Amino acid sequence: MDWDFRTLLNRPITSRGEPLGQERVAARTTAYIYGNILALAALIPVMRSEESLGVAIVIGTALSTYIAHTFAEGVGESIRNDRQLSGRERLDALRDSVPILTSAVVPVVILGTAWINLFEPRTAQLIAELVLVLRIGSTSYVISRLHGEKVSTETHIAAFGLAAVATIIVALKLVLTH
C-alpha cells in the first residue's frame, strides 16, 4: 500500500463520505475536550482511594456525560432550528458526542494495567492523568490541521495553554465539588 502521511492528515473529515462541515467538526472537538477534562477530573480524587483503580468512575463519568451532553445538545439544536430534530439529526448528534466516550478508553486501558500488575495502581493513575492532559493540549494540533495550517510556535504555545487551562478547570472543579 502506497500512501503519504501528509495526504492522510490533510483529508477532510467525513461522515458517510460527505465532509462534516465546520459546525459538526466543532461539535466533535467540543465533545473531545469536554470528555477529556471530565475524565481527568474524575480520576484525580480517586488517588485518595487505595482500593479503587478508578476504572468504574471513569467509565461512569464518560457514559453519563455522553448521555447528558447528547440530550442537552439535541434540545439546544431543536431550539436553534425551531423544530423537532429528524432521526438522522439525532443520530448525527449521538455520533458527534462519541469523543466524550472515547476520552475514557486510553485512561481505562492504562488503569487496567494495574490489574495485571504491569504498574502499581497509583503509577497507572498518574500516567492516565498525564495522558489526558496531553490529549487536551493536542487539540491545538487538530485545530491547526482542520484550518489547513502548518504546526507553528503558536500551535505549540496553544497546546501548552490548553493543557494549563484544562488543569486549572479540573483544580477548580475539585475545590468546588469535592
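Student: What rules apply to the numbering and to the values?

Tutor: Residues are numbered from 1 along each chain as its sequence is written, and side-chain values use heavy atoms, with hydrogens and water left out. As the model is predicted, local features need pLDDT of at least 70 and side-chain atom pairs count only at pLDDT 80 or more, whereas totals for chains, interfaces and linings use all residues.

Student: Why is the pair R28 and D96 called a salt bridge?

Tutor: A salt bridge requires a side-chain nitrogen of Lys or Arg within 4 Å of a carboxyl oxygen of Asp or Glu. The N to O distance between the side chains of R28 and D96 is 2.8 Å, so the pair meets the rule. By this rule the count comes to 4 salt bridges.

Student: Where in the chain do R28 and D96 lie?

Tutor: R28 belongs to helix α2 (residues 22-43) and D96 to helix α4 (residues 87-96), so the pair links distant parts of the chain, 68 residues apart. Helices here are DSSP runs of H or I with at least four residues, numbered from the N terminus. Both R28 and D96 are buried, that is, under 20% relative accessible area, where exposed means over 50% and partly exposed lies in between (1.4 Å probe, protein chains only).

Student: What makes R80 exposed but E77 partly exposed?

Tutor: R80 has a relative accessible area of 52%, so it passes the limit for exposed. E77 has 25% and therefore falls in the intermediate class. E73, at 37%, is likewise partly exposed.

Student: Why is T70 called buried?

Tutor: T70, in helix α3, has a relative accessibility of 11%, so it counts as buried.

Student: Which residues does T70 contact, leaving aside its neighbours within four places in sequence?

Tutor: With contact meaning heavy atoms within 4.5 Å, T70 touches A93, L94 and S97.

Notes
Helices (H or I, at least four residues) and strands (E, at least two) are DSSP runs, numbered from the N terminus.
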